[in-house]
Amino acid sequence: MAPPPKPLHASFLCSLALALLRVGRFSAASHVAAALPAASPPPALLRRLIPALASSGLAAAAVRFRPVPGDPLTLNSILLSHCALRSLGPALALLRSSGSVDTVSYNVVISGLAEHGHHGGLAPALLAEMCKRVVPFDTVTVNAALVGLRRNGQVEGAAALAEMMVRGGGIERLDVVGWNTLIDGYCKAGDIAVALAAAERMRTQGVGVDVVGYNSMIAGLCRAGEVNAARDMLDTMKADLVEPNVVTYTTFIAECCKRKAIDDAFSLYEEMVRMGVLPDVVTLSALVDGLCRVGQFSEAYALFREMGKIGAAPNHVTYCTLIDSLAKAQRGSESVSLLGEVVSRGVVMDLVMYTALMDWLGEEGKIDEAKDMFRCALADNHTPNGVTYTVLIDALCKAGNVDGAEQALLEMEEKSVGPNVVTFSSIINGLVKQGWLGKATDYMRKMKERGIDPNVVTYGTVIDGLFKCQGQEAAIDMYHEMLCDGVEANKFVVDSLVNGLRKNGKIEEAEAFFRDMNEQGILLDHVNYTTLIDGLFKTGNMPAAFKVGQELTERNLLPDAVVYNVFVNCLCMLGKSKEAESFLKEMQNTGLKPDQVTYNTMIAAQCREGKTAKALKLLNGMKRSSIKPNLITYNTLIAALFEAGAVEKAKYLLNEMSSSGFSPTSLTHRRVLEACSQSGRPTMILEIHEWMMGAGLCAHIAVYNTLVRVLCYHGMTRKAAAVLEEMSRRGIAPDTITFNAVILGHFKSSHVDNAFATYDQMLHRGVSPNIATFNTLLGGLESAGRIGEANKVLNEMKNSGIEPSNLTYDILVTGYAKQNNKAEAMHLYCEMVGKGFLPKVSTYNALISDFAKVGMMSQAKELLNEMEKRGVLPASCTYDILVSGWSKLRNGNEVRRFLKDMKEKGFSPSKGTINSICRAFSKPGMNWEARRLLKKLYQV
């Protein structure tokens with residue numbers, strides 16, 4: 001093994017370091033100096049090395065060395081490097097421990113503190129320290145202190161310090177830099193009057209306002225919305241022979257862009273160029289922002305591409321502006337492509353850029369990508385702020401991942417990032433959408449406990465949710481709580497309340513509330529009017545709906561396509577197709593173009609009325625208007641044509657749908673098969689199914705369940721069995737819905753044993769039955785007159801842990817009543833109502849009929865009374881049973897009473913009931929009674 005090399009002599013290393021310094025290789029020189037074997041490099045070397053490192057930006061290398069004792073230059077260079085690295089603590093420690101400090105040393109540290117606004121308040125303490133150490137200060141010292149205080153938001157403290165320094169004789173007077181600092185501070189604090197007074201005082205002291213001072217005042221006036229005053233200031237500036245610079249023009253251009261006065265902005269830009277003032281990246285970024293604000297993205301993109309050619313290459317602010325604007329305009333794909341350019345050009349991505357892209361990804365439902373973007377921001381050493389976390393939480397809530405959103409909220413609080421009202425509103429919105437109103441109101445309480453007041457959006461979200469989940473009373477209570485908290489209603493809350501009230505059948509209250517809000521001066525919009533119009537139409541109050549529509553036009557809110565669509569839809573729902581067509585023509589006459597919704601509504605209305613020829617004519621009109629039919633259009637028409645038996649036309653449209661790029665969906669499949677079923681063409685079901693599979697229909701369980709159900713509905717159980725085999729070949733396992741359909745099909749074909757065999761097969765395959773399975777089995781037994789075998793099914797049901805439902809009891813009571821087993825039927829009826837279930841009319845009819853058959857009419861009458869008490873309205877057949885029963889007992893008074901009740905309720909006795917009356921009262925001596933009753937009541 002070779003012996004280790006001997007260390008090089010120190011003098012050689014010093015010479016090498018000095019040689020490297022002479023040729024500008026400062027980093028290499030610092031490495032050589034650091035490798036010197038002595039405790040510290042020679043002072044002669046350090047006097048040249050440390051200032052060189054500091055001035056060339058190699059601050060990290062400079063702070064590795066200690067200053068040369070008694071040499072202020074090396075000390076000041078190291079202090080400057082500490083400040084550049086933002087290591088202010090070590091800078092202060094070095095300043096206070098060194099004995100060779102001078103005015104420049106303190107100036108460097110005070111300026112470093114000023115650069116970081118929250119440390120600028122230390123400047124007066126350092127000035128006091130200078131006095132104690134008998135270090136003189138100059139105007140630079142004072143100006144640096146003033147800047148620090150101003151950046152710390154202490155503009156009054158800065159003014160007081162300046163006054164004290166002048167009166168105390170520390171400085172003769174403030175120079176232009178000092179005055180500019182005060183003027184800028186007052187402007188940023190919004191105290192424009194004091195800023196203008198300071199400028200006037202500055203002039204009286206013989207210090208002229210320069211371009212920096214004027215720019216501060218112009219910017220302050222623009223921020224305060226005093227644009228005209230800012231223009232007057234520009235004129236004053238020119239009168240004082242102070243030439244506007246790029247900052248002056250950029251301030252005006254940015255303000256015009258914020259107000260969307262893009263033409264004014266470009267006029268100023270042209271003036272700026274004519275005056276020989278070259279725009280910089282800030283100017284052009286402001287113009288890009290202005291174009292984006294008015295939606296002129298193509299022009300913004302073109303200007304963005306020109307920036308590099310005119311010597312002002314886009315910076316991270318420009319990229320961020322364009323990416324954020326594109327994302328908010330739902331043009332996120334263009335934002336993502338720009339993001340790639342940002343990375344390739346080495347432009348620094350800031351937190352705003354990451355947040356904008358997260359927001360767009362969240363809106364697009366791309367939650368995983370949004371979370372990845374969040375992780376990228378963390379990887380780039382960005383500390384997420386409240387806005388970033390709120391965007392993430394909102395995206396998670398919109399995707400239904402409320403647990404993830406709550407986790408993000410906890411993480412946010414752990415990192416001492418305070419949530420705001422928007423953060424909580426996003427969580428509350430997510431909870432409301434999931435129907436978790438209890439948790440939503442808990443969050444509202446937490447907000448208030450933390451001193452965050454819910455706003456109108458928060459209340460509006462909860463009110464809307466309460467209407468949907470807990471009813472009108474809870475929603476109205478929340479509205480009153482909102483008013484008590486001093487939050488005024490807006491148009492969104494009005495819409496929630498009107499919509500909720502109308503959906504609860506309280507259209508009169510909805511209209512009254514709408515009128516009240518209108519009188520209170522709330523600016524209601526198209527959406528508010530449309531909601532009320534829709535509600536009035538759906539309750540059949542057409543005159544009131546048209547009146548509200550008239551009010552809409554009187555308020556200069558010209559009806560838009562949505563308003564016309566509501567009128568067209570409601571008229572179609574009411575079967576008034578001609579009136580709907582007239583609205584369509586009026587819509588076109590006003591210059592509004594009908595959209596897909598309009599045409600789809602009209603086509604659906606014609607299809608409901610069986611007018612497929614008119615529906616196809618509307619389809620052609622839709623195409624002529626360059627409006628592409630969508631999947632809803634095709635589904636509606638194809639189903640209607642199959643129902644009407646126009647098979648070839650339906651097939652033609654199926655082909656057209658496929659060639660237009662639409663693959664049949666499970667909805668198309670279901671509607672078409674049901675249409676084939678209703679049209680009396682069940683033989684076509686399999687043929688159409690095969691055609692759709694060939695046209696790209698995705699084979700999954702929902703599609704096969706539809707096919708099996710439709711086949712079984714027509715008793716085609718053998719074909720359904722063949723479909724089950726096909727499912728097995730494709731690897732699609734039948735589920736509970738599949739087996740339920742097959743069981744029902746066997747019952748419809750009166751194959752009771754086959755139905756139970758299918759049930760056994762279902763259990764053998766490990767498919768769990770549900771309540772619908774057991775109700776189907778019980779219903780099949782009831783239809784077959786084998787209700788006595790129900791106990792076996794009920795035991796299976798009990799073993800499966802499934803409780804009987806309302807329908808279960810209806811089937812059992814009806815079945816036992818039909819078998820004349822009154823005891824069991826009444827026992828089950830009492831058990832049913834004891835559990836809070838409400839029997840159907842047919843269940844009561846079966847019980848009443850059972851009693852009527854054996855002449856127990858008093859009990860039948862009692863059941864009728866109980867039926868009415870429970871809010872179950874008797875049907876025509878209920879009265880037929882009672883009239884026939886009383887007729888058999890020849891009780892004319894009761895027959896007359898029930899016939900009278902029937903007539904008052906708009907019912908007519910059936911032929912069987914009339915025959916019963918005639919047979920009963922046509923006995924010897926009773927003929928006249930029958931004739932008189934029927935003639936009097938029904939003219940028969």
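Reader: Is Glu449 buried or exposed?

Author: The classes are buried (under 20% relative accessible area), exposed (over 50%) and partly exposed in between, with a 1.4 Å probe and protein chains only. Glu449 is exposed because its relative accessibility is 59%. This is a predicted model, in which local features need pLDDT of at least 70 and side-chain atom pairs count only at pLDDT 80 or more, while totals for chains, interfaces and linings use all residues. Residues are numbered from 1 along each chain as its sequence is written, and side-chain values use heavy atoms, leaving out hydrogens and water.

Reader: Which residue forms a salt bridge with Glu449?

Author: Side chains of opposite charge can pair when their charged atoms come close. The rule for a salt bridge is a side-chain nitrogen of Lys or Arg within 4 Å of a carboxyl oxygen of Asp or Glu. Here the partner is Arg445, with the closest N and O atoms 3.4 Å apart. Both residues lie in helix 26 (residues 437-449), four residues apart, about one turn of the helix. Helices are DSSP runs of H or I, at least four residues, numbered from the N terminus. Arg445 has 43% relative accessible area and is therefore partly exposed.

Reader: Where do Lys448 and Glu481 lie?

Author: Their side chains meet in a salt bridge at 2.8 Å, N to O. Lys448 is in helix 26 and Glu481 in helix 28 (residues 472-484), so the pair links distant parts of the chain, 33 residues apart. Lys448 is partly exposed at 33%, as is Glu481 at 32%.

Reader: How many salt bridges does the rule give?

Author: The count is 28. One of the networks of salt bridges links Lys861, Glu894, Arg897 and Asp901. Within this group, Lys861 and Glu894 meet at 3.1 Å, N to O. Lys861 lies in helix 50 (residues 857-869) and Glu894 in helix 52 (residues 892-904), so the pair ties together parts 33 residues apart in sequence. Lys861 is partly exposed at 24%, whereas Glu894 is buried at 14%.

Reader: How many disulfides are there?

Author: A disulfide is a pair of cysteine sulfur atoms within 2.5 Å. By this rule there are zero. For Cys292, the nearest cysteine sulfur belongs to Cys257, 10.0 Å away. Cys292 is buried, with a relative accessible area of 6%.

How values were computed:
Helix = DSSP H or I, 4+ residues; strand = E, 2+ residues; numbered from the N terminus.
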